[in-house]
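I opened my notebook to look around this chain. Here is what I looked up, step by step.

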Amino acid sequence: MMTEDKSKLLRSLSIDRSASEAGRSGRRWLPISAGVVACVIVAFAVLAASGFRMQDRPNETASQPAAQPQAPQPQLQQAAASGREAGNLAASGYVVARRKATVAAEITGKVIEIFIDEGMTVADGQIVARLDSVLAEKDYELAQSRAEAADAAIAAITADLQDATRIMSRVQTLSQKNFATEADLTKAQARVGVLAAQLRQVQAQFETAKIDAKRSASVLDKHKIRAPFAGVVIDRSAQPGEMISPMSVGGFTRTGICTIVDMDSIEIEVDVNEAFIGRVAAGGAVNAVLDAYPDWTIPASVIAIVPTANREKATVKVRIRFEQKDPRILPDMAVKVNFLRDTKAGGATATATTAAN
């Protein structure tokens, strides 16, 4: 009995290792289980929040797919047709005048009168200014008097020649009848020859005098400065009392009276990149828009492609004419042009689009 009691007492004092190990293992998995549960709760919370947002915006989600098919079909087709018609080649340049001249005198002189001003329209040959012509008028009068004197000398010598010819005829008749000597006949013939030579000399002097008179008249006319062609005066550079000369001689001597532009010769000059010059052809349609009037499209066409390239800018110059003349178009205005493609194809596309609509 004593032995059994001791055995029971010893067993009661021993430690149960399996229970302690189970407790420690349970405590080890407790944080992991708590983390998994927290992740599941967060996931459910996120899903619930996204569901509430979808319920709050049902109209926006439904309206987005409905807005796409509402694009206006006619406008898209019209834009496509205009894009095919206009093409992509554009250039910029300036309005220029093919006939533009600075009017100057051919002689040196002092300006007496000026008959024009900026903006005035002048006709071909109209007098725009007048120079001091006192000496030129005197020279012309002197040349005319010389011509008149030569004409009078011709008349006098002609009369003497006619008289000498009659005398020579009578002497010849008398010589045949032996009533006049051979010396008398020779003298009469010599006089006729001398007078004939003098007549030719005076006639030559008369022609020279006439040429001199015409020259003096031409010099006198050069004191009246005329417009070389019809146009508009865009600049007046001289004033009455100033000296003017056909060449610059220093000082305050001017070389021009005014500048005239022929408005009928106005056209456009643009520089096109040489890489795209193959898309430009003579006679091709062009739309031009002046920077001064951006809402005004002017129909134009290609006159010619200048057969040379600019090495520095890698461009080729193109000349363009205005199909419509307008007084608002002025020289040196900036302009942008759009080279149109085949207008017939563009017109057919537009017609097909209209029929489809």
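I began with a definition: helices (H or I, at least four residues) and strands (E, at least two) are DSSP runs, numbered from the N terminus. By that rule I found seven helices and 14 strands in the chain. I noted that this is a predicted model, where local features need pLDDT of at least 70 and side-chain atom pairs count only at pLDDT 80 or more, while totals for chains, interfaces and linings use all residues. Residues are numbered from 1 along each chain as its sequence is written, and side-chain values use heavy atoms, with hydrogens and water left out.

Next I looked up burial (buried means under 20% relative accessible area, exposed over 50%, partly exposed in between, with a 1.4 Å probe and protein chains only). Of the chain's 357 residues, 25% count as buried.

**Helix 5**

I followed helix 5 from residue 134 to 176. Its 43 residues reach 63 Å from first C-alpha to last, close to the 63 Å expected at 1.5 Å a residue (the expected span is 1.5 Å times one less than the number of residues). Its buried residues include Ala136, Ile154, Leu161 and Ser175. Helix 6 (182-221) is part of what covers the buried residues of helix 5; contact means heavy atoms within 4.5 Å. Just after helix 5, I saw asparagine 178 with a positive phi of about 65°.

**Serine 301**

Is serine 301 buried or exposed? I found serine 301 buried, because its relative accessible area is 7%. Serine 301 sits in strand 12 (residues 297-310). Leaving aside neighbours within four places in sequence, its contacts include Gly283, Val286, Arg319 and Glu323.
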